[in-house]
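Please look over the sequence and the model shown below before reading on.

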Amino acid sequence: MPGFENSYYITSGPYIGVRDTRRIVGLNVLTLEDLQKTTRHDDAVATGCWFLDIHPPEVSVDKPFTGSGFQPKPYDISYRTLIPQKVSNLLVAGRCHSASSEASASSRVTATAIALGEAAGTAAALAMKARTEVGTFDGVKVREALAKQNGGPFSEA
Ligand SMILES: Cc1cc2nc3c(=O)[nH]c(=O)nc-3n(C[C@H](O)[C@H](O)[C@H](O)COP(=O)(O)OP(=O)(O)OC[C@H]3O[C@@H](n4cnc5c(N)ncnc54)[C@H](O)[C@@H]3O)c2cc1C
């Protein structure tokens, strides 16, 4: 390429990044309808607000992504989306929490993943103190603990 005759390759990303991959099926599944209707949950432990960031599944080199997805109002994410149906005493935070493919196109983003991680850590500490399993621990208590430390969720119950 003219002007780059003396350039040379240094490095590039060592791994391919995949946005949409495996997720658990939890006690609650966050769906597109939840985002459209802003479904409220007493046990909300995080707030999502990113638009439906669905990227084209096919190669689209000459067609840049325009990001035309639906923009939800700030919505609740239930503690139960972190609890798998079939494995006990396990919480799954971040982009593999329980959500449909469409809903996770919003809930998987970094800020929301961080909030879900904080919720899972808080829940684990509370459950240990209460000598109970995280899967049966009351999500409303997790919500209250997060609210006390200004960790959200930021929508009304
Ligand atoms: C190409 C691309 C662009 C993106 N752009 C944006 C953006 O602009 N803004 C935005 O908000 N989000 C963006 N995202 C989405 C966002 O980066 C992810 O959804 C988010 O980082 C998910 O966070 P997470 O903690 O759930 O998972 P991850 O960030 O994937 O973290 C999981 C970690 O677990 C580690 N791990 C896996 N298996 C093991 C194991 N067995 N033992 C120990 N460690 C393990 C992994 O190495 C990794 O560090 C993008 C994603 C991709 C792929």
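Which residue just after helix 4 takes a positive phi? Asn150 does, with a phi of about 55°. The model is a predicted one, in which local features need pLDDT of at least 70 and side-chain atom pairs count only at pLDDT 80 or more, while totals for chains, interfaces and linings use all residues. Residues are numbered from 1 along each chain as its sequence is written. Helices (H or I, at least four residues) and strands (E, at least two) are DSSP runs numbered from the N terminus.

**Helix 4**

- Gly139, Val142, Arg143 and Leu146 are buried in helix 4, which covers residues 139–148; a residue is buried if 20 or more other C-beta atoms lie within 10 Å of its own, exposed if 12 or fewer, and partly exposed in between, with C-beta atoms placed from the backbone.
- These buried residues fall within an arc of 100° when seen down the axis of helix 4, so they line one face of the helix; the arc is that of the directions from the helix axis to the C-beta atoms.
- An α-helix has 3.6 residues a turn, so residues three or four places apart point the same way.
- Glu144 and Lys148, on the other side of helix 4, are exposed.
- The cover over the buried residues of helix 4 includes strand 1 (44–48), strand 2 (75–78) and helix 3 (110–129), where two residues are in contact if their C-beta atoms, placed from the backbone, lie within 7 Å.

**Helix 3**

- Helix 3 has 20 residues and reaches 29 Å from its first C-alpha to its last, close to the 28 Å expected at 1.5 Å a residue; the expected span is 1.5 Å times one less than the number of residues.
- Among the buried residues of helix 3 are Thr112, Ala115, Leu116 and Ala119, and the buried residues of this helix pack against strand 1, strand 2, helix 2 (101–107) and helix 4.

- Leaving aside its neighbours within four places in sequence, Leu91 is in contact with Leu82, Ile83, Ala120, Ala123, Ala124 and Val134.

**Ligand shell**

- Gly17, Val18, Arg19, Gly94, Arg95, Arg108, Val109, Thr110 and Ala113 are the residues around the ligand, a residue being near a molecule or strand if its C-beta atom, placed from the backbone, lies within 6 Å of it.
- By class, this shell has three nonpolar, three polar and three charged residues; Ala, Val, Leu, Ile, Met, Phe, Trp, Tyr, Cys and Pro count as nonpolar, Asp, Glu, Lys and Arg as charged, and the others, Gly among them, as polar.

**Loop residues with positive phi**

- Thr38, in the loop between helix 1 (32–37) and strand 1, has a positive phi near 50° although it is a residue other than glycine, and Thr38 is exposed, with 12 other C-beta atoms within 10 Å.
- Arg131, in the loop between helix 3 and helix 4, has a positive phi of about 55° although it is not a glycine, and Arg131 counts as exposed with 6 C-beta neighbours inside 10 Å.
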